[in-house]
Amino acid sequence: MRSPRRCSRNGCPRQAVATLTYVYNESTAVVGPLAAFAEPHTYDLCEPHARSLTAPRGWDVVRHEGEFEPPPPTTDDLVALAEAVREAARPAPPRPDEIEGDPHTGPQTGRRGHLRVIPPSH
């Protein structure tokens, strides 16, 4: 399953809600809503880092006014979630020690999924 985009700051585990872009020829840092796609030379930031960003001396910071909101789940996220649920629901293949014995030697105790095979008592 695809995980949500994380903040680009080292060690920050929060989900990104804003994108930082630099306009070098104008000495400006722009912090806006999260871009639709992660692109080179941009940085995804969580809300605390987007709000507290400062720029070098002589640079301006243009910051989005209003709330930064996490992106809504996409259909890709929902499909990935459904596939993960299906995968988790599949029974595991039986281990060699859980498979019934050789037909020539008679049945042995074993497991198949959630069922247990018990040999008849003589």
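## The β1–β2 hairpin

In this predicted model, the hairpin formed by β1 and β2 has four residues between its strands. Serine 27, in that hairpin, takes a positive phi near 50°.

Strand β1 covers residues 18-23 and runs antiparallel to β2, with six bridges joining the two. Within this pairing, leucine 20 stands opposite valine 31 of β2.

## Strand β2 and its parallel partner

Strand β2 spans residues 28-33. Besides its antiparallel pairing with β1, β2 is joined by four bridges to strand β4, residues 60-63, and these two run parallel.

## Threonine 28

Threonine 28 belongs to strand β2. Its relative accessibility is 9%, so threonine 28 counts as buried. The side chain of threonine 28 reaches the backbone oxygen of glutamate 26 at a distance of 2.9 Å.

Beyond its neighbours within four places in sequence, threonine 28 is in contact with Thr21, Tyr22 and Val23, and also with Trp59, Asp60 and Val62.

## Glycine 32

Glycine 32 also lies in strand β2. It counts as buried because its relative accessibility is 13%. Setting aside neighbours within four places in sequence, the contacts of glycine 32 are Ala18, Thr19, His64 and Phe68.

One of these contacts, histidine 64, is 32 residues away from glycine 32 in sequence. In space, the C-alpha atoms of glycine 32 and histidine 64 are 4.9 Å apart.

A disulfide is a covalent bond between the sulfur atoms of two cysteines. A search of the whole structure finds zero disulfides. Cysteine 12 has its closest cysteine sulfur in cysteine 46, at 3.7 Å, which is too far for a bond; the cut-off applied is 2.5 Å. Cysteine 46 is likewise in no disulfide, and its nearest cysteine sulfur is that of cysteine 12.

Both residues are buried: cysteine 12 has a relative accessibility of 11%, and cysteine 46 has a relative accessibility of 1%. Each value is under 20%, so each cysteine counts as buried.

Methods
Residues are numbered from 1 along each chain as its sequence is written. This is a predicted model: local features need pLDDT of at least 70, side-chain atom pairs count only at pLDDT 80 or more; totals for chains, interfaces and linings use all residues. Side-chain values use heavy atoms; hydrogens and water are left out. Buried means under 20% relative accessible area, exposed over 50%, partly exposed in between (1.4 Å probe, protein chains only). Contact means heavy atoms within 4.5 Å. A polar contact is a pair of N or O atoms within 3.5 Å; within protein, one must be able to donate a hydrogen and the other to accept it, and residues adjacent in sequence count only if both atoms are side-chain atoms. Two strands pair if DSSP finds at least two bridges between them.
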